Amino acid sequence: MMNNTRRGVLAAVAAGTLAFTAAACGGDEAPAAAPSAGGSAAPAEKIELTLNTFGGGENFAYDDAVAQWNAAHPNIQVKYVNLTDRFEDTYLPQVLQWLEAGSGAGDIIGMDEGAMGLMAARPQYFADLGQYGLDSRKADFPAYKWDTGVNTEGKLFALGTDIGGMAMCYRTDLFEKAGLPTNRDEVSKLWPTWNDYLEVGKKFKAKVPDAGFVDGANTVYESVLAQEAGKNGGQIYFDKSQQLIVDKNPGVKAAFDYVQSLSTAGLTAKLRSWSEEWNTAMQKGGFATMGCPSWMLGVISGTSGEGNAKKWDVAAVPGGSGNWGGSWLMVPAQSKHPKEAAEVLNFLTGKEGQVAAFKEGGNFPSSIPAQQDPAVAEAKNAYFNDAPSGPIFAASVAQLSPVFFGEKHAQVKAAVGEVLVGADQGSVKWDEAWTRFVEEGVKAAG
């Protein structure tokens, strides 16, 4: 993910935008088809559609899927443009600018979970996918994934791509050095709860003082927060009436307090996620564990490099479930080819497209038929000691609870995350951090 905020760069959404050159194309419309690379009716003229996404391969990983589509549809060609690694402070502001201007956006755009509340509240910007028959796909998705793609007018405007089911990645070489078990099943049994995880961290640190037990504040906070949200009505920073509850939601405070307990016990490596220091520590064994949504496996293998293959493995996350991240695709109303764009979106979010993305980038599908495909359900990850990644993440997402994302979720997430990182690294005092956390959240919410 490099500097990707999706799933975590901590920067303000209000930051300046970059000038990208990716625009929707014009032409005649054609009817939509089932989610298959080979099932469309060809338009009379050849058209090109633009697909805009963000992040590295761990976000969408559509090179293979788009190639499949283009090979089967010579008259409906897709140009895949991954605009930037940075979601919150670059991609999102740019896309909002295009949507407000009525031009410039791709025919299909990807969107991270943190901005889905913002998009759902702006139905005028997006095509009604139900108009093209995609509302028939409801049974293909978990309820919360489907419901997040329904806007404030009750219309389907987006379909889900991947889902960020949680696990815990760990370094077997550092665990061995600490005298801890290295077998993933035995490791999972070490920490059925987050309190157990903390105690294992203390034992690790006593034996391996020169490495952090966990990378830093961000990955653990997001892991705990996902579970706490499920215990508190699926709410995080906003309630369903769009009222800020950052200081009222016990789940937010519980996640904050847990990170503080890890940090003050000296168990973090005090690293900012997606920084160069974080990348280097991953390569050199600077920390032993990190919260791992499914897409994080691609980040680790890509960053750590082949020299660290087999040194990483995957265990269950404390608490057993959770979700961090996940994206959706939508068709901007400004597209001149909404029917064709909906057809491509249908394929990419269907079984074939999501299995292809999983094979290419490890993105765990939100499509239930794709989850059940043997290529996913029986998948092993060679880099992580042949960890059964398919079954591990399937078990994690099976227990997910719906989460509500307020219109300004991304802004608040970025602002409060900065406070957490600052407290972990020492620029903010922990006894002042909660007050600062709330204050920055209030400012970000406007």
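This is a predicted model: local features need pLDDT of at least 70, side-chain atom pairs count only at pLDDT 80 or more; totals for chains, interfaces and linings use all residues.
The structure contains 30 aromatic pairs. In one of them, the ring centres of Tyr221 and Phe437 are 6.4 Å apart and the ring planes meet at 70°, and because planes over 60 degrees apart count as edge-to-face, the pair is assigned to that class. Tyr221 belongs to helix 8 (residues 217-231), whereas Phe437 belongs to helix 18 (residues 430-445), so that this contact ties together parts of the chain that are 216 residues apart in sequence. Both residues of the pair, Tyr221 and Phe437, are buried.

Helix 18 also contributes Trp430 to a pair with Phe256, which lies in helix 9 (residues 250-264), and this pair links distant parts of the chain, 174 residues apart. The centres of the Phe256 and Trp430 rings are separated by 5.6 Å and their planes stand at 75°, so this pair, too, is edge-to-face. Phe256 has a relative accessible area of 1% and is therefore buried, while Trp430, at 15% relative accessibility, is likewise counted as buried because the limit for this class is under 20%.

Beyond these two pairs, a cluster is formed by ring pairs that link Tyr170, Phe175, Trp191, Trp194, Tyr197, Phe204, Phe213 and Tyr258.

Aromatic rings in the model are also approached by charged groups. The charged end of Lys145 is placed over the ring of Trp328, at 3.6 Å from the centre of that ring, and Lys253 is found over the face of Trp434, where the distance to the ring centre is 5.2 Å.

Methods. Residues are numbered from 1 along each chain as its sequence is written. Side-chain values use heavy atoms; hydrogens and water are left out. Rings of Phe, Tyr and Trp (its six-membered ring) pair if their centres lie within 6.5 Å; planes under 30 degrees apart count as stacked, over 60 as edge-to-face and the rest as tilted. Helices (H or I, at least four residues) and strands (E, at least two) are DSSP runs, numbered from the N terminus. Buried means under 20% relative accessible area, exposed over 50%, partly exposed in between (1.4 Å probe, protein chains only). A charge sits over a ring if NZ of Lys or CZ of Arg is within 6 Å of the ring centre and within 35 degrees of the ring normal.
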